[in-house]
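Here are a few friendly notes to read with the model open beside you. Take them one at a time and find each part on screen as you go.

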Amino acid sequence: MSNVHLINHPLVQHKLTLMRRKDASTNTFRTLLNELSSLMAYEVTRDMPLQDIEVETPLETMTSKIIDGKKLVLVSILRAGNGFLDGFLNVVPGARVGHIGLYRDPNTLQPVEYYFKMPQEMAERDIIVIDPMLATGNSAAAAVTRLKQLQPRSLKFVCLLAAPEGIATLQKAHPDVPIFTAAIDRELNEHGYILPGLGDAGDRIFGTK
Ligand code: URA
């Protein structure tokens with residue numbers, strides 16, 4: 001699979017295994033997700049462009065590197081994407097945050113947007129779309145389609161777990177958008193859950209079940 005980046009750092013894999021356990025408490029699950037998303041953020045931002053600036057140290061002036069361009073935008077796909085946010089913001093505290101909410105129309109089964117709030121001047125920014133679970137890929141593809149209308153400088157999609165079906169859907173719609181994930185699981189079940197997966201990420205993050 002081209003343009004799919006598997007983040008197989010041992011700490012990421014270890015924490016993901018602990019999160020999959022059905023007896024992990026809400027607190028444990030959330031804490032692990034927080035730690036894991038910081039580790040993933042570090043990998044995902046590895047190629048951010050840099051520029052040289054002049055810095056005065058206490059001893060002399062030097063040329064040093066700083067991240068180039070406008071502030072990065074993290075776009076959370078509601079609601080589980082919010083569980084990914086804090087860990088990312090620990091690594092890139094200056095990032096702006098956008099939110100997009102989509103639900104699946106029961107008749108057409110197509111994603112329908114119910115919320116969309118983004119920072120200003122998106123055309124000059126790099127966007128990282130975050131959602132822990134890439135399941136059918138329909139919401140992810142719809143979110144990316146919508147964000148592309150704002151003509152950002154770049155777009156990446158980051159999830160914790162991906163199903164092969166979700167990767168195929170997102171890549172078919174947006175082959176130019178790199179996907180970062182900590183694991184690619186076996187398949188989706190008939191209800192659209194990832195197998196073996198970790199259950200409903202939103203419920204596990206927010207303790208709603
Ligand atoms: N969303 C989830 O939270 N879990 C899945 O397995 C699939 C989609």
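1. Start with helix H2, residues 26-44, in this predicted model. Helix H2 has 19 residues and spans 26 Å from its first C-alpha to its last. That is close to the 27 Å expected at 1.5 Å a residue.

2. Next, look at which side chains of H2 are tucked away. The buried residues of H2 include Phe 29, Leu 32, Leu 33 and Leu 36, and Met 40, Ala 41 and Val 44 are also among them. Two serines, Ser 37 and Ser 38, are on the list of buried residues too.

3. What covers those buried residues? The cover includes the helices H1 (10-20), H3 (82-91) and H6 (201-206). Strands S7 (126-130), S9 (154-158) and S11 (179-181) also contribute.

4. Now for the rings: the whole structure holds 2 aromatic pairs. One is formed by Phe 84 and Phe 88, a tilted pair with 5.7 Å between centres and 50° between the planes. Both residues belong to helix H3 and sit 4 residues apart, about one turn of the helix. Phe 84 is buried, at 0% relative accessible area, and Phe 88 is buried at 0% as well.

5. Tyr 103 and Tyr 114 make another tilted pair, 6.4 Å centre to centre with 35° between the planes. Tyr 103 is in strand S5 (residues 96-104) and Tyr 114 in strand S6 (residues 111-117), so this pair ties together parts 11 residues apart in sequence. Are these tyrosines buried or partly exposed? Tyr 103 is partly exposed at 42%, and Tyr 114 is partly exposed at 48%.

6. Finally, find Phe 116: the charged end of Arg 146 sits over its ring, 3.8 Å from the ring centre.

How values were computed: Residues numbered from 1 in each chain as written. Predicted model: local features only at pLDDT ≥ 70, side-chain atom pairs only at ≥ 80, totals over all residues. Heavy atoms only, no water. Expected span 1.5 Å × (residues − 1). Buried < 20%, exposed > 50% of the residue type's maximum accessible area, 1.4 Å probe, protein only. Contact = heavy atoms within 4.5 Å. Phe/Tyr/Trp six-rings, centres within 6.5 Å; stacked < 30°, edge-to-face > 60°. Lys NZ or Arg CZ within 6 Å of the ring centre and 35° of its normal.
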